[in-house]
Structures are given as structure tokens and as C-alpha cells.
Amino acid sequence: MTRPDDTPRLDPAQIPAYREQGYTVVRGLVPPSDLETWTARLADIVEGRVEPSEGMLVMKDVMVAKGAVNPGSRMEAIAKVQDYERDPVLDTYTTHPAILGCVEQLIGENVMTIHTMLINKPPNVDGRHPLHQDLLYFPFRPADRIVASWTALEEVTKENGCLVVVPGSHKGELLEHGNPEWEHLNGGYFGVREVDDAMGERVHLEMAPGDTVFFHPILLHGSGRNRTQGFRRAISAHYAQVDVTWQWTSQEFAGRNYRIVSGEHAGEFWQGERNTDSPINPLDYLPGGEATRR
Ligand SMILES: O=C(O)CCC(=O)C(=O)O
């Protein structure tokens with residue numbers, strides 16, 4: 001059974017800061033040896049030495065897919081690897097005791113994973129991610145019982161496209177999203193339709209390898225372009241406390257299994273009811289009717 005260890009990872013002051021700001025960064029949370037393991041596995045998958053696990057999506061950057069740039073290597077072609085939970089090496093992220101410990105401090109004990117992803121920002125592509133709210137993609141409520149963890153696999157800076165957040169924006173509502181009119185936008189990278197200065201100041205989260213940011217699913221966030229010749233890679237997962245309810249009218253994800261990763265039911269799948277008579281229609285937040293799958 002996987003359990004977070006008992007070491008408190010978040011400084012007690014970080015919990016109220018998270019409630020107030022919608023995010024908190026834990027410096028040096030993950031040791032370099034773990035980061036190296038995940039980065040090497042990503043390379044093995046992208047470079048064809050390891051088969052992608054069942055259900056895994058390995059997505060090319062749109063500029064590469066359209067032939068707008070010629071990548072110098074396979075890693076330069078990839079925007080993200082999604083749904084890695086069946087990969088035994090990458091999945092050690094979702095059950096990492098330090099990550100789980102923080103997640104449980106923020107949303108309570110007994111959690112499941114609801115989304116997993118590695119994000120690559122190679123050089124020479126646009127690669128921007130417009131400001132958005134991740135709750136758009138999730139059928140579970142209340143939002144306060146969901147949290148994202150995002151760990152830098154290498155130095156992330158303003159220059160290479162670090163995350164940008166709008167502190168306090170998680171206190172608002174889920175907003176309407178759409179496709180910004182950018183020439184090159186990766187599939188599923190939706191953005192909030194109307195972003196104005198009243199939403200607050202944007203903060204760039206520059207992070208060292210192993211630093212991890214935990215953020216609320218209503219927090220407005222995105223990321224800029226990588227203007228360096230290196231990569232900007234990160235590994236992330238979304239967690240929900242098992243005591244959430246399914247509140248989507250949509251059948252999308254209705255057949256998906258959500259795996260519990262801590263507590264007495266660790267290893268089992270979430271058994272909550274998927275009541276598609278629920279009040280929330282995800283397409284209300286995505287006029288144009290595109291699928292919400294990223
Ligand atoms: O890593 C990035 O550049 C953005 C990731 C992100 O915002 C997301 O996946 O929701």
C-alpha cells in the first residue's frame with residue numbers, strides 16, 4: 001500500500017498561503033536522482049527504445065506536425081506525453097512520498113490521480129500555453145478537493161517558458177475558454193476568452209530542478225515561449241480526494257478509471273457514481289463544442 005511518509009513537507013505557513021494565493025512552491029522537494037530517472041525514461045519513450053504504455057499519448061508539437069520547423073532530434077519534436085500511469089517508471093511520480101505528502105496536506109487524505117502528463121517545451125517552436133483553468137478538464141467537484149503538482153525536471157526560467165500564474169484567481173469561477181488566435185497552438189491548449197488586467201498581476205514561477213508547485217484547479221495559469229536552445233521539461237499530475245462527486249452531463253471520461261494512490265484503498269479504482277444527469281455541461285465553458293481531451 002502506498003502511503004505518504006509522515007514527514008511534513010509543506011511549511012505550516014504554506015497551507016494558508018495556498019488557500020489565499022491558489023498555489024505554493026516547495027523548493028527542492030524531489031531529489032535529482034528521481035528527476036534523472038524520469039527524464040531518462042521520457043527520452044527512452046520519445047527516442048523509441050521503450051514502447052509507450054497502453055493509453056499513453058505522445059504528442060508532437062503542432063509546428064513540427066505541420067512542417068513549420070524541422071526538429072534537430074526526436075526530443076525536439078515532442079510537446080507532451082500524457083497518461084503515463086501504466087508506465088512503471090514514470091508512474092513513480094504519482095506515488096512519490098514527498099509529492100503525496102504535500103497533496104494530502106492540501107486536499108486531505110485518500111487521493112486518486114485524475115490526470116498525468118510530462119510537458120516538453122523544445123527550442124524553436126512557439127509552444128506557449130494560454131492562460132487557462134484546469135478545472136475545465138475535470139468532471140469532479142468541489143474544486144477545492146483537486147490539486148495539481150508540477151515538478152521542474154530542469155531549470156525553468158522566464159527565458160525558457162516557466163509557468164505564469166495569477167495569484168488569487170482561484171477564488172473566482174470557472175470561465176469560458178476557447179482557442180486564442182495564435183498561428184501555432186497545440187491541440188487542447190485552450191485559453192480563457194477574456195483576460196483583463198482586473199484579474200490581477202501575473203507572477204512568473206522560476207524554479208530549480210526538483211522544485212514543485214502545487215496549484216488549485218481554478219487558478220489562472222499558462223506558460224510562455226522557450227527562447228533558449230535547451231529544453232524546458234516538467235512532470236505533473238492532478239489529484240482529487242476520493243470523496244468528490246462527478247458533476248458533468250458529459251459522457252466524456254465516463255468510462256475512464258481513476259486510480260487511488262494513497263490510503264486504505266490505494267491501488268483500487270474510484271467507485272463513485274458517475275451521474276451524467278449532473279448540472280455541469282463542460283461545453284458551456286468551451287463554446288464551439290470541441291472535445292475537452294487535451
Ligand atoms: O507546463 C506548461 O507549460 C503548462 C502546463 C499547464 O498549464 C497545464 O498543463 O495545465
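## Helix 1

Helices (H or I, at least four residues) and strands (E, at least two) are DSSP runs, numbered from the N terminus. Just after helix 1, Gly-22 has a positive phi of about 90 degrees.

This is a predicted model: local features need pLDDT of at least 70, side-chain atom pairs count only at pLDDT 80 or more, and totals for chains, interfaces and linings use all residues. Residues are numbered from 1 along each chain as its sequence is written.

Helix 1 spans residues 14–21, and its buried residues are Gln-14, Tyr-18 and Gln-21. They cover an arc of only 85 degrees around the axis, which puts them on the same side of helix 1. That arc is taken over the directions from the helix axis to the C-beta atoms. A residue is buried if 20 or more other C-beta atoms lie within 10 Å of its own, exposed if 12 or fewer, and partly exposed in between; C-beta atoms are placed from the backbone.

## Strand 4

Strand 4 covers residues 111–121. Of its 11 residues, 11 are buried, so the strand is largely enclosed by the rest of the structure.

Two strands pair if DSSP finds at least two bridges between them. Strand 4 pairs with strand 3 (residues 78–82) in the antiparallel sense over 3 bridges. Here Val-81 has Leu-118 as its bridge partner. Strand 4 also pairs with strand 14 (residues 232–241), antiparallel over 10 bridges. There His-115 stands opposite His-238.

## Around the ligand

Strand 13 (residues 221–223) gives the largest share of the shell around the ligand, 3 residues. The residues around the ligand include His-129, Asp-134 and Leu-163.

How values were computed:
Near = placed C-beta within 6 Å.
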